[in-house]
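Welcome! Here is a short briefing to read alongside the sequence and the 3D view.

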Amino acid sequence: MPTPLNRRLKQKRLTLDYVARAMGNSSSNPANSESSTVLPMPTAFAPSRRPTMNSDVNVFSAGSFRFIDLFAGIGGLRLGFEAIGGRCVFTSEWNEYARKTYCENFQNDAGHVLAGDITVIPAEDIADHDVLLAGFPCQPFSIAGVSKKNALGRAHGFKCEAQGTLFFDVARIIEHHRPKVFLLENVKNLVNHDKGKTFSVIYKTLVEELGYNVHWKVINAKSFVPQSRERIFIAGFREDKSFSFDSLSLPNP
């Protein structure tokens, strides 16, 4: 019987030669002569730059979990979870150019599924996983996105048929697979969009309909990227854990 939810709808180390080719330069260029040199680990994922938790949450041991990467972009979240030993078993990204970049970033990915439009993919066709990652589209909820859509007389939020309901595709996949953990990411304005009604629907769906223990926090990523970039992170646990974002210790910018 359909549920209420259904009814509602390597880390990669790059050589200088690789970077030169990606930028359209010749590896014979003197500036790129050290083609065998391996570039260091991206700063954001270096051990000294990783956030730490002052709690006893220990859901997985290193290398023991499988995860999926939805609305993956070019693979930023995947890098972070591979850096702590996870293995990505399914990816979804519909944008043509993001897909091309993703494939360049993860070339040694034999057998890995890179799917397109998540709305047409049955949940049962997605590989079993322990962790679900999803940075579902933010344009329907962002301040800039809402302003633009209002100026053009277009719907925003859940009323945006193109992108506003994609959260419910995440929810149907969670409902089917019941991962141990999920991590969702979006713009900070998701909290206040439509006077808080949008976030209330999301929170109630995750907690009341799907039965997860949910925690959320707006975090500024300036500790990892050279800009002030505030995003909401929503973490859900299938089983109750002594987790709190208040225990998160971020490195200094």
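In this predicted model, E185 stands opposite F233 in strand 8. Strand 8 (residues 230-237) runs antiparallel to strand 6 (residues 181-187), and seven bridges join the two. Helices (H or I, at least four residues) and strands (E, at least two) are DSSP runs numbered from the N terminus, and two strands pair if DSSP finds at least two bridges between them.

Before going on, two notes on how to read the values. Residues are numbered from 1 along each chain as its sequence is written, and side-chain values use heavy atoms, with hydrogens and water left out. Because this is a predicted model, local features need pLDDT of at least 70 and side-chain atom pairs count only at pLDDT 80 or more, while totals for chains, interfaces and linings use all residues.

- Seven strands form an open sheet with mixed pairing, in the order 4-3-2-5-6-8-7.
- Strand 4 (114-115) and strand 7 (213-220) are at the edges with a single partner strand each, so one side of each has no neighbour in the sheet.
- Seven of the seven residues of strand 6 are buried (under 20% relative accessible area; exposed is over 50%, partly exposed in between, with a 1.4 Å probe and protein chains only), so strand 6 is largely enclosed by the rest of the structure.

**Helix 3**

- Helix 3 (residues 76-83) lies across strand 2 (66-70), strand 3 (87-92), strand 5 (131-134) and strand 6, and runs at about 170° to strand 2; such angles run from 0 to 180 degrees between N-to-C directions, with axes fitted to C-alpha atoms, for helices over the stretch in contact (heavy atoms within 4.5 Å).
- Its buried residues are R78, L79, G80, F81 and E82, and the buried residues of helix 3 pack against strand 2, strand 3, helix 4 (96-105), strand 5 and strand 6.
- After helix 3 comes G85, with a positive phi near 100°.

- Leaving aside neighbours within four places in sequence, I234 is in contact with residues including F182, L184, F199 and W216.

**Salt bridges**

- The whole structure holds six salt bridges (a side-chain nitrogen of Lys or Arg within 4 Å of a carboxyl oxygen of Asp or Glu).
- R78 and E82 form one, their closest N and O atoms being 2.8 Å apart; the two are four residues apart in helix 3, so about one helical turn separates them.
- E185 and R231 meet in a salt bridge at 3.5 Å, N to O; this pair links distant parts of the chain, E185 in strand 6 and R231 in strand 8, 46 residues apart.
- Both E185 and R231 are buried.
- K188 and E230 form a salt bridge with their closest N and O atoms 2.7 Å apart; K188 sits in the loop between strand 6 and helix 7, and E230 in strand 8, 42 residues away.
- K188 is partly exposed at 37% relative accessibility, and E230 is partly exposed at 31%.
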